[in-house]
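Please open the model in a viewer and keep the selection panel at hand. The tour moves from the whole chain to individual elements.

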Amino acid sequence: MAARPASRLTRLLDAVLGVGTDLDLRSTLQHVVDGAAGLTGAACASLTTTDPHVAGLSTFRAPHRAGPEEPPAPSPAGAPGAAYRLRVPIRVRDEEFGELRLGRAPDDGPFTDEDEQLLRVLATQAGIAIGNARLYETARQRERWVEGAAAVTTALLAGGSADDALTTVAERARLLAGASAGAILQPTAEGGMEIVTASAPDDPDGIVGVTIAPGSPVLEQLLGGEPVFVADSATDPRMTTRVRHRFGPSMMLPLRANGRLIGTLALPRRRGDRPYTAVERLLATQFASQAASALVLADARHGRERLAVYEDRDRIARDLHDLVVQRLFATGMMLESTRRRPGADDIGDVLDRAVDELRSTVQEVRTAILALQQSPAGPPAGLRGRVLRETASAAAPLGFPPSVHFTGAVDSRVPDRVADRLLAALRRALAAASRGHGVSRVEVSVDATASLPDGRDAVRLTVAHDGTPEGPAPADGGRATATWQAPL
């Protein structure tokens, strides 16, 4: 008789140790059920809880032996079969968490008072273990939300458009919250709010463009900076959008920074999903506040970049103005002096030079316009942009920007493999020009309408300057010209 209590005490210790070995809440609950079944010799055991941390009404069962197939329902004392059923509540601090239910087959005999006492000891230890698992899960949740907010801030400040920034916030918040969708709403001119971007992979119909009408109770709360928490979007009378029937629990969090409302973050779950816990609501609200600050910082950064672009374009405009005025003035002086000459034998040559100067001026204007159109945020697109970048880079060693002329549709006619070789030849020619003596003008020409002697279409690159090169002087009186061409 003495061996049995010692054996049961050992099993109780084993069950208690098993309950406290895991910090995962679901694993802890399963340990509780398994320990209860093993401790009492029950044919079946279950733990039922309505705790929102465990996704609503959940039941955890131990593998059953011969006996009841389902967890036993509670029976009043003295009812037939009540002795073969045992239930014990589990409390976490002062809160009822759930209930352990055990059942035995008639052949195994009824539960004893000792069984109930052992089970209550186990339930007490289970309450402590569940409380610890809850705290651990809360800490893990907080860590994930903090990391998510930091990742969003980093992504927003790394660049990208305003639409990309909003999409980043919506997508990351949806993943963190375990929501069916993540949506950003912004105020409309009519006084309502409209979904401007959304991350909703499970919503094939899309929700972008859905509006909240002016005067809605939800809208009044959001405009006042108050978060809105909804238990069921489909049935809550405050929800008036045409897609409300698709969703259940929902959070709508104002995105406020520096006292200004820049939008709303909506995180709806599917109908029937578990409600948001108080911890999730708090963490999501903090995330929305940090995301709003990051959006404002990103917008300020974009503003500074736009200002830099405008300043750069002002500089290009000033350079263009000076260049055009100088060339037109020089051309006018050339024509004026020609008109006053007593002899007109060389007037044709003078006019030809004047026409060339005017053509060069027009080309410089076109090049400057293309430079204004090229976005400074990324690498230049197309051969035209890449040539302009190379010539702009050569301005520093040369002391002046080269003149660039394009003929034909260079971006569409020249394939990438040929463009890469042309750019390599351009770099070599510009480097040679920068090493020349007395170079004051460099002209770069890219002709996509050229042809080879055998009649094949080709692209031709010509780089000429007015100085003396490193090698022997050219035969055309000091004008050095480098030519490269390739079939298309």
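What follows is a sequence of selections, each with a note on what is found there.

**Before selecting.** This is a predicted model, in which local features need pLDDT of at least 70 and side-chain atom pairs count only at pLDDT 80 or more, while totals for chains, interfaces and linings use all residues. Residues are numbered from 1 along each chain as its sequence is written, and side-chain values use heavy atoms, with hydrogens and water left out.

**The whole protein.** Display the cartoon: there are 10 helices and 14 strands. These are DSSP runs numbered from the N terminus (helices H or I, at least four residues; strands E, at least two). Of the 488 residues, 39% are buried, where buried means under 20% relative accessible area with a 1.4 Å probe, protein chains only. Switch to the surface: the accessible area is about 25600 Å², and 54% of it belongs to carbon and sulfur atoms; the method is Shrake-Rupley with a 1.4 Å probe.

**The sheet of 6 strands.** Next, select S5 to S10, which form an open antiparallel sheet in the order S7-S6-S5-S10-S9-S8. Strands pair if DSSP finds at least two bridges between them. S7 (211-212) and S8 (228-230) are the edge strands, each with a single partner, so one side of each has no neighbour in the sheet. Zoom in on S8 and S9 (residues 247-257), antiparallel and joined by 3 bridges; here Phe229 stands opposite Met251.

**The sheet of 4 strands.** Now select S11 to S14, an open sheet with mixed pairing in the order S11-S12-S13-S14. Its edges are S11 (403-407) and S14 (480-487); each has a single partner strand, so one side of each is left without a neighbour. From one strand to the next, the twist averages 10 degrees. S12 (residues 442-451) and S13 (residues 457-465) pair in the antiparallel sense over 8 bridges, with Val446 opposite Leu461.

**The helices across it.** Angles run from 0 to 180 degrees between N-to-C directions, with axes fitted to C-alpha atoms, for helices over the stretch in contact.

**Inside H10.** Finally, which residues of H10 are buried? They are Val418, Ala419, Leu422, Leu423, Ala425, Leu426, Ala429, Leu430 and Ala433. The buried residues of H10 pack against H8, S12, S13 and S14, contact meaning heavy atoms within 4.5 Å.

Technical notes. Buried < 20%, exposed > 50% of the residue type's maximum accessible area, 1.4 Å probe, protein only.
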